[in-house]
Amino acid sequence: MYLYSLTLQRPGGVVCATNGNFVGGKTQEIVVARGKTLDLLRPDESGKLQTLLSVEVFGAIRSLAQFRLTGSQKDYVVVGSDSGRLVILEYSRERNVFHKVHQETFGKSGCRRIVPGQFLAVDPKGRAAMVAACEKQKLVYVLNRDAAARLTISSPLEAHKSHTITYSVTGVDCGFDNPVFAAIELDYSEADIDPTGQAAADAQKHLTFYELDLGLNHVSRKWSEPVDNGANLLVTVPGGGDGPSGVLVCAENFVIYKNQGHPDVRAVIPRRADLPAERGVLVVSAATHRQKSMFFFLLQTEYGDIFRVTLEHEGDRVTELKIKYFDTIPVTSSMSVLKTGFLFAASEFGNHALYQFQAIGEAEDVEASSATLMETEEGFQPVFFQPRGLKNLVRIDQVESLMPIMDMRVMNLFEEETPQVFTLCGRGPRSSLRILRPGLAINEMAVSQLPGTPSAVWTVKKNVNDEFDAYIVVSFVNATLVLSIGETIEEVSDSGFLDTTPSLSVSLLGDDSLMQVHPNGIRHIREDGRINEWKTPGKKTIVKVGLNRLQVVIALSGGELIYFEMDMTGQLMEVEKHEMPGDVACLDIAPVPEGRHRSRFLAVGSYDNTIRILSLDPDDCMQILSVQSVSSPPESLLLLEVQASTGGEDGADHPASVFLNAGLQNGVLFRTVVDMVTGQLSDTRSRFLGLRAPKLFSATVRGRQAMLCLSSRPWLGYIHQGHFLLTPLSYETLEYAASFSSDQCAEGVVAVAGEALRIFTIERLGETFNETVVPLRPRAFTAEEREAARKECLEAAKMGENGNANNGQQMENGGGAGDDEDDALSDEQYGYPKAESDKWVSCIRVLDPRTGNTTCLLELQENEAAFSLCTVNFHDKEYGTLLAVGTAKGLQFWPKRSLAAGFIHIYRFVEEGKSLELVHKTQVEGVPLTLCQFQGRLLAGIGSVLRLYDLGKRRLLRKCENKLFPNTIVSMHTYRDRIYVGDIQESFHYCKYRRDENQLYIFADDSVPRWLTASHHIDFDTMAGADKFGNIYFVRLPQDLSDEIEEDPTGGKIKWEQGKLNGAPNKMEEIVQFHVGDVVTCLQKASLIPGGGECVIYGTVMGSLGALLPFNSREDVDFFSHLEMHMRQEHPPLCGRDHMAFRSAYFPVKDVIDGDLCEQFPTLPPDLQRKIADELDRTPGEILKKLEDVRNKII
C-alpha cells in the first residue's frame, strides 16, 4: 500500500512569533512559527490580519528572533530549529518567498538537550546572535556586512559550561559597547555527585552576563549573581541613551530589575483576590513598547492578566519599578506590540487575536511598586486586584485556530453534498465543538426579496474610470428591473433601459455608454441619453450573446452569428455574419488585451458536444481556428485572461495566457489553455463540480480576475500564492451572479437565488475549510466538556464504533465551587477559578448539532470526571440504545497516580434522544479509559484488564476478562469476532473471543513499542495508529497468518497457551510509516468529496488536519516518488533540516509520498521547474495537472 500525504488545514497553534519590517518600508509584519510552518502576517488598513506567505519548513521551529543591521531598512529573521543549523532568512518581496541568506551548521539534528536551538537572543543593535541549548552549549555568531552591503556571519564562538541548565537568554542593550548576553542558569554539578539530595535542594539559579569582545573575537563570562529560584524569563531593558540598560528578571510572584553594579529593584506581581494561597504567579510572555521618549513592558501571567511595567530612572540608575494592572486576555504563548498601535496575541490554545490600543494604561488602576514593598514574617506583602473587562485594549480581529484538536468525526449529519468534519477543540473555558465544511467562508452583506423569480443579474458602471458600479440590473421572465446603487439600493426608471422585456445581457460599452441585449434586438444607450436600436431580422430572436468592452457577438435562433464592433465615433457597427451548422449553446469573447482594439478569440459551444474557437481578426474574421470535442453539451463558456506577471505577488513569471473554461451539462467544469498566437487548445483539465451544469461568471478577488462557477453549489477559481485553486463556497445554490463594487463593499458578488437578491463577500482566501463554532461555554464551575452525540445522529450515521466518545482535555485544574459572577464572557476571558490539584469537575452534554443547543447537561458530582463514552445495544432490547460512560473519582497524577474509584455509568436516552436518564452505575477498580460495544455486550478497558460486561438489573455483570496486557488499554475497535486493542505504550494487540469457551485471548501483537495517541480500524487485518512522537503507522497481519488463524479450529489458541517470550505467537508487520511532525490525536477513514477516494483523515494537537490517500496505480507511485526525489535535491527545506531525515525522524519513512513537498513545485523558479520536468519526461504543466488531480481526489 502506497499513500500520498497532504496537509488539508495548516496548523493553527503558534509556538513563537516576532515582529519587524521584513518587507521593507513603513509597514510592520509578524513572523509566526506554527510548529513546522512559517507564516508572514500583516494587518491591512481595516485591521484584518492577512497572510502574505505560508511555507512548510519540514522541521520543528523552536525559536525566532528578528534583527536589523545598523542603518539598514529591513529586518532579517533568525530561526532556531531542530536541524542543528542556524538559519537567517530574508523576505523577498518580488518573489514572495523567504530567501535563505545563511545556514550555519553547528550540531546534530533533532531536539536534543545539549544541541543549541532552543533559545535565541540577538544584540539589540544587530551585531551578534547567541543560540543556546537547554544544557551546556551556547554559541555566539558575529553579524556584519561586506563591501557590497551583503550580510556576513562569522564562525561560531563558544560560551559553553557543562552541568548547567539554561532557562532564558536575552541580549542586553548596552549601546555600541561590546555586545552582552544575559542568561538565567542553574549549575547542577554538585547535585549530580551528592547522594543525599541536600545539594539538589540547595541548588541556586544565577543570572550570568556573557560579553562578546569584538576586538579579541572571544566570549567571556563577565558577571554572575544569584537570583530567585523561581526566575523563568528575562526581558531586555532599553539602554545606550534610551534607558538604564540591564534586564528585568521575571520570577515567581516578583519582577526584579538587575544590572551589573546596580542594587536589585524588586516589586511584587499583583495577584487575583480569589487565588489559593499556595499558588504562585509566573510571567509567561512579555512584549516591549519603545518610543523616542519613553518605554514600557507588557508582561502576561499564567492566568492571562497583563501588567504594564515602567521604570523610573535618572541616567542609568533605576529608582523605582512599577507594575500596574493593564487588562486580561486569554493566555498567550507570545505577544508582539506593533509600532502601528496593535497588539498581536498568539494564544496558547484557541483563536489568536489582534488588539488595538485604546489607551496605554495611564489611568488609575491597581499598582505595585518597589517603593511600597512591605516585608513581613511570612515574606513580602502581596497586592491584590480584581480582573475586569477590557479597558486599554479592544479586539479588532481574530485568527481561527483549532489547536488543540482533541477528537474528530467525519459524518454527513446535515445531508449536504459533502460530509462535515466535527472537531472538539480547545481546553477549559475556551473549548468548542467546531463544524468544518470544505470551502471558503462567505460574509453575507444583504438579502432582499424581489417581486418575482429573477433569471439573471448584472452590474454596470456608467464610465470605465468609475470606481464603483452604478446599476444592478435584474432580468425576469417578462421584464427587467433596474436598481441604482447609492447609500441605499432603489429602483429607477430613467436609466434608458427597456424594462418591458427580459434581458440577455447588460454591460458597459466603450468608455461611457451602456448596452442592453434583449431577445428582439440590441439597445445602445449613449452617455448623453441618445438611444440607438438594432432590431433582429424577420421573425428570428437573439438566443445567446457574448461580449467584451468593444466587441459583441450575438447568436440568432437557427445558428446565425452576427459580429459587431465599436468604431472610433462610439457607434456599434455590424462587421460580419456566419452560419453555424446548428443552434448555438453558448458564446464568449476573450477580454480586450492591454493596448489593443479588439480581442482575437470567440468561443462558441454547440449542442453537438463541441467547442469551436473562431477568429475575430479583420484578416480571417469568423474562421474556425480550432475545435475541441467534449463529453456533454456545453452550457456556459468563459474566456479568462491571466495577466502577464514577472515575479508577481505569486512569485512566478507567467506570460499572458487565456484560459477557456466550459461548464458542461453533466456538471463537469472543463479547462483548457488557448494559444495566444494560433488559437490552438492544449493542456485540458476537467473536474466534476455538482449535479447541475456549471454557469461561469468573471469576478474580482483581491484585485485579480477570478471565476465563479455556479453548480449545485457555488465554486470560486482563483490564483493564490502561485497555485490555481478551485474551491467551493459554503453557501446555498445560486442561479446567476455578477461582481459588485460599492463604497460599502469594494469587492463583493451580487447573486440571485429563488426570489431573493443576495450581496456577499468572500472571506479568507487560501483556506480549505470554514468553520461553524459551537462554544461549549460552561457554567460557573464546569471546567471540562464532554460531547455525547445526539441519538438521532448516531442512528443516522450508524456509528457503532466508539459512539462519539471524546476523551477530552483532562486538565487537573477543575473549577472551585463556582463564583457568583453574572458576566457570561467572564470564564472565556479570565479562565476558571483555580482549585486544589485533586479536585475535578466534569459533565456529560447532549448537543443538537443543527442548532448548537445543549439539550441535556449532566454534572458529575463528588469529584468524578468522565474519561470515555460509547453507545451500546445490549442483547435484551429492553432499553434500546444505551450510553455507557467511564468515569474516575478523585484521580491524582502526582506525586503518585492514585484514585478513589472508577465507575461505568449506564444512561438511557429519553425524550427521543434529547436527554439522558441514569439506569445504574457499576464500580470498577481502575479508570475505564475506553469502552466499546461487542456482540451485544460492553467491552471495557480498565487499566491493563480487558473485560466483557453484560447488562444486569442493578449493575453490569462481568462475563469474561483478560489481564495479560502490558500497561494500560487506551483504545479498542471490534470487527466480527476480532478485537483490536491499543496499549498506551505497546502498540496494538489483536484478540479473539471464543463464545463456546467464554475466553478472550491475544493471537497477534506488534514487535515495536509505540506510545499510542490515536488508532483506527482500516480492514480485517490492518490497523492505523499514531504515537506521541508524531508518527503515523499502519500494521497488518500477514495474509497467510490471518487465514491460518481463521481456519484453525482453536483460532490460534493452542499457540497462545504455550506463552512464547511473554508475547503473542504471531507478529504484525509495519506496512506504512511516516513522521507527521505533530502529535496526532485522532484518525478516521472517510471520503470528503462525493465520488472522491476514501482516505485516512487525521487531526493534530497543533490544530492541523491532514489526509493520507492510497494510490491505485503503480505508475502514479513511480511518478510522485521521482518528483519527491527531485524536489528533495533541488529544493531543500528552508530551515536546513534534511527532508528525508525529518520524515524518518524515529523510524525510516515507508511507502508514503510527501504531498506537501510535491506541492512546493509551483513555487520554484520556472527554469528549475523545466529542469525537473525534463528529468521526468514531462512538461511543467503536466506535473501541475497531476498535483491538481491528486488533490482533487482528496478534497
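Cys134 is partly exposed, with a relative accessible area of 29%. Here buried means under 20% relative accessible area, exposed means over 50%, and partly exposed lies in between (1.4 Å probe, protein chains only). This is a predicted model: local features need pLDDT of at least 70, side-chain atom pairs count only at pLDDT 80 or more, and totals for chains, interfaces and linings use all residues. Residues are numbered from 1 along each chain as its sequence is written, and side-chain values use heavy atoms, with hydrogens and water left out.

**Cysteines**

A disulfide is a covalent bond between the sulfur atoms of two cysteines. The working criterion is a pair of cysteine sulfur atoms within 2.5 Å. The structure holds zero disulfides. Cys134 is in none, and its nearest cysteine sulfur, that of Cys111, is 8.7 Å away. Cys1095 is buried, at a relative accessible area of 1%.

**An annotated domain**

The UniProt record, an unreviewed entry, places the feature "domain: RSE1/DDB1/CPSF1 first beta-propeller" at residues 14–367. UniProt positions follow the numbering used here, feature names are shortened, and annotations may be inferred rather than shown by experiment. Over residues 14–367 the chain is 55% strand and 3% helix. The end C-alpha atoms of this stretch are 31 Å apart. Helices (H or I, at least four residues) and strands (E, at least two) are DSSP runs, numbered from the N terminus.

**Salt bridges**

How many salt bridges does a search of the whole structure find? The count is 68. Each one needs a side-chain nitrogen of Lys or Arg within 4 Å of a carboxyl oxygen of Asp or Glu.

Lys258 pairs with Asp264 in a salt bridge, with the closest N and O atoms 2.8 Å apart. Arg758 and Glu732 form another, at 2.9 Å from N to O. This pair links distant parts of the chain, 26 residues apart. Arg758 sits in strand E66 (residues 756–762), while Glu732 sits in the loop between strand E63 (723–728) and strand E64 (736–740).

Arg937 meets Asp950 at 3.5 Å, N to O, again in a salt bridge. Arg937 lies in strand E76 (residues 937–942) and Asp950 in strand E77 (residues 945–951), so the pair ties together parts that are 13 residues apart in sequence.

The table gives the exposure of the paired residues.

| Residue | Relative accessibility | Class |
|---|---|---|
| Lys258 | 1% | buried |
| Asp264 | 39% | partly exposed |
| Arg758 | 12% | buried |
| Glu732 | 40% | partly exposed |
| Arg937 | 14% | buried |
| Asp950 | 13% | buried |

**Backbone geometry**

Which peptide bonds are cis? One runs from Met403 to Pro404, with omega near -15 degrees. Pro404 lies in the loop between strand E35 (393–399) and strand E36 (405–411). Another runs from Trp894 to Pro895, with omega near 5 degrees. Pro895 is placed in the loop between strand E72 (881–889) and strand E73 (901–910).

Glu911 has phi near 50 degrees, a positive value in a residue other than glycine. It occupies the loop between E73 and strand E74 (915–924). Glu911 is exposed, at 57% relative accessible area. Arg976 is not a glycine either, yet has a positive phi of about 50 degrees. Arg976 falls in the loop between strand E79 (969–975) and strand E80 (978–983). Its relative accessible area is 56%, which counts as exposed.

**Val383 and its contacts**

Val383 is in the loop between strand E33 (379–380) and strand E34 (384–385). It is partly exposed, with a relative accessible area of 23%. Leaving out residues up to four places away in sequence, Val383 touches Val268, Pro270, Arg271, Val366, Glu367 and Ala368. Contact means heavy atoms within 4.5 Å. From Val383 to Ser369 the C-alpha distance is 9.7 Å, across 14 residues in sequence.

**A nonpolar surface patch**

Trp1011, Phe1029 and Tyr1146 make a nonpolar surface patch of about 300 Å². Patches are made of residues with over 30% relative accessible area and no salt bridge; like charges are joined within 9 Å, and nonpolar side chains (Val, Leu, Ile, Met, Phe, Trp, Tyr) within 5 Å. Accessible areas come from the Shrake-Rupley method with a 1.4 Å probe; for residues, only the protein chains shown count as cover. Trp1011 is found in the loop between strand E82 (999–1005) and strand E83 (1012–1019). Trp1011 is partly exposed, at 32% relative accessible area.
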